[in-house]
Amino acid sequence: MLSSTFEDYLEAVLMITENGEKSATLQEVADALDSEVADVEVTTSFLIGEGYLEWVPGDALRLTKKGKEIASEVARKHRILQSFLTEVLGIEEEAANREACTLEHDISDETIDRLSSYLDSGGCPPPGRRAGCRWGQDACTLLDCEEGDTVRVAAIRRPRRNRRLLDLGIFPGEVVEIRRKLPNHSVVVRVKGCDIGISPEIATSIVVESCP
Amino acid sequence: MRFALVGNPTVGKSLIFNQLTGLGVEVSNYPGTTVELQRGNTCFEREIVEIVDLPGIYSLEGESDEETLVRQYLDRQETDVVIVVANATRLERNLYLLLQVAEYGLPMVVVLNMVDDAAKQGLEIDPAPLRDLLGVDVILTAASLGKNIDQIIPAALIATRPSEVEIPYDHHIEAAIRSLGKMFGVGRRGSLQALQGFGDDPDLLEAAQTIADEIESRHRMTAAQIIAANRHNFARELADLTVRKETPPPRTDLDSILTRPIPGIPILFGILVGMLLFVFVVGSYLEELIVEAFDIFMLQPFIALGLPPLVEALGTAIILALQAGLGIAFPFVFLFYVIISILEDSGYMTRAAFLADNAMHQIGMHGGAVIPLTLAFGCNVPAIMSVRLLRSRRERIIASFLVTMVPCSARTVIIAGIVATFVGIGAAFSVYGIVFALIIITGLFLSRVTPGEQFGMIMEMVALRRPDPKLVARKAWARLSEFLFIAMPLLLVGSVFLGLLEFFGVMAIFEQIVEPYTMGLLGLPGYSATALIFGILRKEMAFETLAILAGTADLGAVLTSLQLYVFSVVTVLFIPCLATITVLLREVGSRITLAITIYTISLGLLIGGLIYHILA
């Protein structure tokens with residue numbers, strides 16, 4: 001795990017190089033981070049040594065594949081935090097940006113994922129009301145719902161294999177009603193006025209969130 | 001002129017096809033009835049119009065056999081006009097497919113069927129907005145009442161314009177459509193399909209894949225999901241304009257009983273056992289009537305004529321064949337077909353599939369396998385064809401094995417005609433017990449050894465409806481006529497052939513050779529081997545042949561109860577009939593067919609031998 005300074009560097013390079021497609025000079029990086037070229041040179045040479053950055057002809061820097069992965073992840077966290085701070089909490093753009101710069105290094109992947117799906121859902125309470133619901137592999141699925149629940153589909157795992165669901169109208173964003181749930185976990189959902197019978201192993205690939 | 005019918009499963013396409021062409025295509029109330037193209041001609045104002053009934057599908061961009069078939073058919077542009085049939089009671093979901101078809105740019109006519117059901121559910125359908133937005137003719141019909149069906153052909157004959165509707169896609173998708181169009185010169189539909197991985201041009205597919213990946217990483221939804229969501233949302237807007245919901249009259253929700261474990265599962269078993277019992281009791285009663293009538297009015301007067309021996313032997317063979325065919329097989333076959341047709345048309349099969357989903361998982365398939373397994377009670381041939389509703393080859397192989405083991409109506413003839421009549425009804429049901437146990441054991445075994453993947457069930461619970469007696473009778477008759485016109489001649493020829501062999505003493509030689517083996521293994525006389533071999537042609541022939549060779553229909557007088565029981569068990573398990581083998585070859589290939597054949601022969605001989613040696 002890199003320290004927050006190093007993460008900031010990689011993030012800055014990502015921004016300057018526009019998703020790693022161009023290259024960045026030391027001066028550009030120093031400007032972006034508001035520091036001296038000499039300091040920047042020390043840190044970047046460490047990052048080059050660790051294989052996160054590399055030189056390209058013309059005295060410029062570029063992210064390696066490894067570096068880009070980290071930088072993109074930090075940038076994503078930044079974006080999500082920033083929009084949470086501005087859109088939900090109503091903090092000013094500039095202040096939110098500074099706050100996001102600090103928080104982005106320490107926030108866990110799980111929290112960021114939940115925050116992201118919370119924002120995507122337009123403010124539905126996260127699916128935490130049922131015990132044992134965790135994002136990732138153990139997220140709330142159709143199987144965690146009870147008969148009579150109305151839920152919104154959040155995601156469908158293995159979308160190519162489950163193409164039929166899509167064609168029957170079960171896709172992310174659609175609201176479905178659980179009409180029947182057998183003790184052995186086969187479910188019937190009502191979507192678009194039609195009842196669809198679904199096997200347990202397919203129901204478990206439909207990630208849902210509760211809905212007002 | 002050629003018109004093609006396209007639509008979701010169970011929207012009444014086949015019924016409309018039948019009414020337009022006067023042909024007898026099978027109509028059922030579960031997805032997957034029509035698995036091939038059905039063609040029929042009709043004459044309208046001295047012009048011959050060919051109508052093609054395409055299989056019912058949910059989407060043109062899926063990977064199932066039916067979806068691929070329809071997609072390729074429309075790609076080839078072989079049809080002059082596409083007639084899209086939609087279910088008015090489930091319009092929103094049906095419009096999704098309609099919009100996909102509209103993108104093909106073929107002249108189109110829209111038929112909103114089942115408006116009678118829609119009215120009953122308090123839905124008011126106004127075709128005008130749909131007509132304006134799509135720019136094509138929209139006809140409201142009620143196929144089960146025959147209402148407005150006569151407007152379809154005239155509308156299709158003057159339909160020259162494709163629909164001008166354009167679905168608004170997400171701006172990333174629209175951008176992708178433009179880029180792909182510029183780079184490869186493909187149209188809107190070609191680009192959309194390429195983004196979802198369908199098409200023949202590898203360069204186009206590769207470019208589309210790159211763009212689709214980019215879109216997926218931005219949206220956290222696949223391109224296919226976004227496209228489908230856009231279409232569904234547009235379909236919802238169209239449906240909202242077209243359908244006005246009034247307060248629906250209160251209706252009893254049958255699904256609250258049918259799809260709960262209690263009482264749903266007892267009902268399921270009740271239906272299965274009730275079906276067998278009904279066929280047994282009523283079938284046996286009818287059988288007795290017919291057999292007796294044949295004895296009194298044909299067989300006895302014929303023998304009383306005192307004709308020369310050869311003529312008498314031939315005549316007797318013919319009369320016995322007729323008696324066996326009409327008197328024994330007919331009641332059972334017909335009753336089974338009536339009951340299965342009722343089950344199919346009612347929509348209950350999808351409920352049975354849902355309830356049995358878990359149990360079917362145990363034997364390596366999903367709930368949908370209940371449909372072929374139930375159909376198999378009538379006849380294995382359509383059952384094997386419906387195995388296609390399972391998605392993977394693994395599931396189809398397992399289902400094919402199990403379906404060929406289910407006692408079809410012809411084998412019921414053996415069980416009812418031999419065991420129930422001469423041994424007892426309890427013994428008859430024990431044969432079913434043995435067969436079902438073997439089916440379960442085979443399923444458990446195959447689910448562990450068959451390679452390949454398993455897909456779960458995603459099945460639409462179709463609307464429950466009261467089966468129309470006319471349609472049920474017509475369907476049962478159509479299936480029965482196959483028996484009468486294909487099986488009966490076979491029975492007659494086989495019977496005469498046997499009669500001749502018997503007359504010239506050939507049979508006696510053959511029987512002498514095999515008798516030691518059949519006696520040793522199964523405790524059966526040599527002529528039973530001949531009966532078993534004839535059973536390969538048609539299962540019911542085993543019984544009829546046994547009667548002819550034994551020289552009497554009263555088998556109880558010449559064979560012991562144990563012998564009759566063993567004979568029945570062996571016949572029921574032994575090798576699928578010729579028609580089943582033919583259809584197996586087509587559906588699962590020669591290797592699996594051979595495996596099934598060898599397996600069933602060994603199983604029949606093994607179980608028969610075991611029963612004989614334990615009970616003797």
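Into which domains is chain A divided? Chain A is divided into domain 1 (1–107) and domain 2 (136–210). The structure is a predicted model. Chain B has an assignment of its own, with domain 1 (2–158), domain 2 (171–245) and domain 3 (261–615).

**Domains of chain A and chain B**

- In chain A, the C-alpha centres of domain 1 and domain 2 lie 39 Å apart.
- In chain B, the centres of domain 1 and domain 2, taken over C-alpha atoms, are separated by 25 Å.
- Where domain 1 and domain 2 of chain B touch, 18 residues of domain 1 are in contact with 17 residues of domain 2.
- On the side of domain 1 of chain B that touches domain 2 of chain B, α3 (91–102), β6 (123–125) and α5 of chain B each supply at least two residues.
- The largest share of that side of domain 1, six residues, comes from α3(B).
- Sorted by class, the side of domain 1 of chain B that touches domain 2 of chain B has eleven nonpolar, two polar and five charged residues.

**Contact between chain A and chain B**

- Chain A gives 27 residues to the contact, and chain B gives 29 residues.
- On the side of chain A that touches chain B, at least two residues each come from α7 (163–167), β6 (194–198) and α8 (200–203) of chain A.
- That side of chain A has 13 nonpolar, seven polar and seven charged residues.
- Strand β6(A) is joined by four bridges to strand β9 (residues 458–461) of chain B, and the two run antiparallel.
- Within this pairing, Asp195(A) has Met461(B) of β9(B) as its bridge partner.

**A sheet with strands from both chains**

- An open sheet of six strands has the order β7(A)-β3(A)-β4(A)-β5(A)-β6(A)-β9(B), with antiparallel pairing.
- At its edges are β7 (206–210) of chain A and β9 of chain B, each of which pairs on one side only.
- From one strand to the next, the twist of this sheet averages 40°.
- Five bridges link strand β3 (residues 150–156) of chain A with β7(A) in the antiparallel sense.
- Opposite Ile156(A) stands Ile206(A) of β7(A).
- Helix α14 (residues 348–355) of chain B packs on the sheet and touches β5 (187–191) and β6 of chain A as well as β9 of chain B.
- The direction of α14 of chain B makes about 140° with that of β9(B).

**A sheet within chain B**

- Six strands of chain B form an open sheet of mixed pairing, in the order β2-β3-β1-β4-β5-β7.
- Strands β2 (38–44) and β7 (137–140) of chain B stand at the edges with a single partner strand each, so one side of each is left without a neighbour in the sheet.
- The twist in this sheet averages 25° from one strand to the next.
- Strand β1 (residues 2–7) and strand β3 (residues 47–53) of chain B pair in the parallel sense over four bridges.
- Phe3(B) has Ile51(B) of β3(B) as its bridge partner.
- Helix α5 (residues 127–134) of chain B lies across β5 (108–113) and β7 of chain B, and runs at about 155° to β7(B).

**Helices α5 and α10 of chain B**

- The axes of α5(B) and helix α10 (residues 223–242) of chain B cross at roughly 140° and come within 7 Å.
- At that angle, α5(B) is oblique to α10(B).
- From α5(B), the contact is made by Pro127(B), Pro129(B), Leu130(B) and Leu133(B), and from α10(B) by Leu238(B), Leu241(B) and Thr242(B).
- By class, this contact of α5(B) with α10(B) has six nonpolar, one polar and no charged residues.

**Residue Leu140(B)**

- Leu140(B) is found in strand β7 of chain B, one of the edge strands of the sheet within chain B.
- With 19 C-beta neighbours inside 10 Å, Leu140(B) counts as partly exposed, because a residue is buried if it has 20 or more.
- Leaving aside neighbours within four places in sequence, Leu140(B) is in contact with Leu112(B), Val115(B), Ile125(B), Pro127(B) and Asn148(B).
- Between Leu140(B) and Val572(B) there are 432 residues of sequence separation and 49 Å in space, C-alpha to C-alpha.

Conventions: Residues numbered from 1 in each chain as written. Chains lettered and ligands numbered in written order. Predicted model: local features only at pLDDT ≥ 70, side-chain atom pairs only at ≥ 80, totals over all residues. Contact = placed C-beta atoms within 7 Å. Nonpolar A, V, L, I, M, F, W, Y, C, P; charged D, E, K, R; others polar. Pairing = 2+ DSSP bridges. Axes fitted to C-alpha atoms, helices over the stretch in contact; angles between N-to-C directions. Domains from an automatic or database assignment. Parallel < 35°, antiparallel > 145°, perpendicular 65-115°, else oblique. Buried ≥ 20, exposed ≤ 12 C-beta atoms within 10 Å, placed from the backbone.
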